[in-house]
Amino acid sequence: AENGEGGEEYLFKIVLIGDSAVGKSNLLSRFARNEFDSNSKATIGVEFQTQLVEIDGKEIKAQIWDTAGQERFRAVTSAYYRGAVGALVVYDISRRGTFDSIKRWLQELTNSLQSLVLVQFIPQKDVCEFFVVFGYGCYSIGSEDFGCGLEGYFLFLLLSGYAQNDSTVARMLVGNKCDLENIREVSTEEGKSLAEEEGLFFMETSALDATNVQTAFEIVIREIYNNIS
Ligand code: GDP
Ligand code: MG
C-alpha cells in the first residue's frame, strides 16, 4: 500500500507461540522496549506491540502478537494466527518438556493457517457466495451472480491466492534462556537438528541478558520481506 509519500508501507504480523513460561512475553519486551521482567506475571491486556524496523531503506512495521496466557489451557484460537506471516516458536532450553511440545505448536500453526475457499451456490438467489475458512473460523468474502442455474449446494477447494499455506510463513525455532547453561536440558545440537528437519531458522536467545533477541526478530522480518519482494 502507498503511504502517500511515494514510499511503500509494510505491516507484518508475527506471532509468538510456545508453552507457558518459556519467555515469550519477555522476548517481546526485550525486543520492543529493551526491558526484562523477572516476575512472571500473566500477560494482561495488550494483544500485540508494533515495532518499526528498517530493511533496505524501507520502513517496516512489525506487529508482534503475544498470547495472554491462554497457551496454559491449550486455548490459542485461530484468530491469534490469522494473517500471520512470521512466527517465533519458543521453548526453554532448561525444560525438556517445552522442547517436546514444539511439534504440536508447529502443527497447530500449520492447521490454523491453512485456509480453504468454500463456494456455496444459493439457488434461490442464483448467486455463489465465497467463504474463506481459517482453522475453525469462517468468513464471507463476497458473492457473485453466476446466473448459471445450478441446483443445490456445492463446495470445492480453490488453490487460489486466497489460500495461505505455512511455507509462506517465516518460522524460527527459538531456544530461550540460554543464560541458564548450568541447568540446560536441551542441547544446541538437538535444537539445530529439529529446525533442519522442520525447515525452520534456529537461534538460542536470552531475554534476560539480551543475547540474540534483536537478531532473531530481525531474521524473521527480513525473511518475510524477502518472501514478498
Ligand atoms: P511466557 O509465559 O512464555 O510469556 O514467559 P514469560 O516471558 O512470562 O517468562 C516466564 C519466566 O521466565 C519469567 O519468570 C521470566 O522472568 C523468565 N524468563 C524469561 N526469559 C528468560 C531468559 O531468557 N532467561 C531466564 N533466566 N529467565 C527468563
Ligand atoms: Mg506471556
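## Helices on the sheet

Helix α1, residues 24-33, lies across strands β1 (10-17), β2, β3 (58-65), β4 and β8, and runs at about 45 degrees to β2. Helix α5, formed by residues 188-198, also packs on the sheet, where it touches β8 and β9. The direction of α5 makes about 160 degrees with that of β9. These descriptions refer to a predicted model.

## The sheet

The sheet is open and has six strands, in the order β2-β3-β1-β4-β8-β9, with mixed pairing. Strands β2 (48-55) and β9 (201-204) stand at the edges; each has a single partner strand, so one side of each is left without a neighbour in the sheet. On average, and with direction ignored, neighbouring strands of this sheet are turned by 25 degrees against each other.

Within the sheet, β4 (residues 86-92) and β8 (residues 170-176) run parallel and are joined by seven bridges. L88 stands opposite M172 in β8.

## The nonpolar core

The largest nonpolar core has 47 residues, of which I14, L88 and V89 touch the most other members. Leaving aside residues up to four places away in sequence, I14 touches A62, Q63, I64, W65, A84, G86, A87, L88 and V220. In soluble globular proteins, nonpolar side chains tend to be buried together.

## The chain as a whole

The protein chain has 229 residues, of which 32% are buried. Its secondary structure comprises six helices and nine strands. Among contacts in the chain with a separation of 6 or more, 67% are between residues 24 or more positions apart.

How values were computed. Residues are numbered from 1 along each chain as its sequence is written. Chains are lettered from A and ligands numbered from 1 in the order in which they are written. This is a predicted model: local features need pLDDT of at least 70, side-chain atom pairs count only at pLDDT 80 or more; totals for chains, interfaces and linings use all residues. A nonpolar core is a set of buried Ala, Val, Leu, Ile, Met, Phe, Trp, Tyr and Cys residues joined through C-beta atoms within 7 Å. A residue is buried if 20 or more other C-beta atoms lie within 10 Å of its own, exposed if 12 or fewer, and partly exposed in between; C-beta atoms are placed from the backbone. Two residues are in contact if their C-beta atoms, placed from the backbone, lie within 7 Å. Helices (H or I, at least four residues) and strands (E, at least two) are DSSP runs, numbered from the N terminus. Two strands pair if DSSP finds at least two bridges between them. Axes are lines fitted to C-alpha atoms, for helices over the stretch in contact, and angles run from 0 to 180 degrees between N-to-C directions.
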